[in-house]
Amino acid sequence: MSYMKPHFFMVVVGKPGSGKTTVVEKLVNETYKNKFDQILVVSPSVKKNKIEAKPDDKTDTFDLKWIHAKIRKMDQMQRARKAFGSKDLYIKKAMPSMGIW
């Protein structure tokens, strides 16, 4: 996928039951599989979905401290691996119950 940047941010938004989790599962488990060194997922349904990201890189709580810490770590790792062209992806699913879209 030559059109993809080395790292980017994605938000998946939709009504409950509209297929957000299914879209993210397909993207992470198929389309983006082996395309990124790290994938962060924030989703209220993260514990029951089948997203193949590392357990430490998934959370069901929108916690800015956790997100910032992960992004800082990704940035440090990116700098350390710069010669290897590290690619990272962060996905956040809409959390309307928390007022986050």
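## A buried charged pair

Lys-70 counts as buried, because its relative accessibility is 14%, and the cut-off for buried is under 20%. This value comes from a predicted model. Lys-70 forms a salt bridge with Asp-57. Their closest N and O atoms are 3.1 Å apart. The pair links distant parts of the chain. Lys-70 sits in helix α2, residues 64–80. Asp-57 sits in the loop between β2 and β3. The two are 13 residues apart.

Is Asp-57 buried or exposed? Asp-57 counts as buried, at 4% relative accessibility.

## Other salt bridges

A search of the whole structure finds four salt bridges. Side chains of opposite charge can pair when their charged atoms come close.

One of the four joins Lys-33 to Glu-52, with 3.2 Å between the closest N and O atoms. This pair also links distant parts of the chain, 19 residues apart. Lys-33 lies in the loop between α1 and β2. Glu-52 lies in the loop between β2 and β3 (58–59). Lys-33 is partly exposed, with a relative accessible area of 39%.

Lys-26 pairs with Glu-30, and here the closest N and O atoms are 3.4 Å apart. Both residues lie in helix α1. They are four residues apart, about one turn of the helix. Lys-26 is partly exposed at 45% relative accessibility. Glu-30 reaches 52%, so it counts as exposed, the cut-off being over 50%.

## The nonpolar cores

Which residues make up the largest nonpolar core? There are twelve: Met-10, Val-12, Val-24, Leu-27, Val-28, Tyr-32, Phe-36, Ile-39, Val-41, Val-46, Ile-51 and Ala-53. Helix α1 gives the largest share, three residues.

A second, separate core has five residues. Leu-40, Val-42, Trp-66 and Met-74 are among them. In soluble globular proteins, nonpolar side chains tend to be buried together.

Ile-51 belongs to the largest core. What does Ile-51 touch, leaving aside residues up to four places away in sequence? Its contacts are Val-24, Glu-25, Val-28, Asn-29, Val-41 and Lys-58.

## Thr-22 on helix α1

Thr-22 lies in helix α1. Its relative accessibility is 47%, so Thr-22 counts as partly exposed. Asn-49 is 27 residues away along the chain. The C-alpha atoms of Thr-22 and Asn-49 are separated by 8.4 Å.

Key
Residues numbered from 1 in each chain as written. Predicted model: local features only at pLDDT ≥ 70, side-chain atom pairs only at ≥ 80, totals over all residues. Heavy atoms only, no water. Core = buried A, V, L, I, M, F, W, Y, C linked by side-chain atoms within 4.5 Å. Buried < 20%, exposed > 50% of the residue type's maximum accessible area, 1.4 Å probe, protein only. Contact = heavy atoms within 4.5 Å. Salt bridge = Lys/Arg side-chain N within 4 Å of Asp/Glu carboxyl O.
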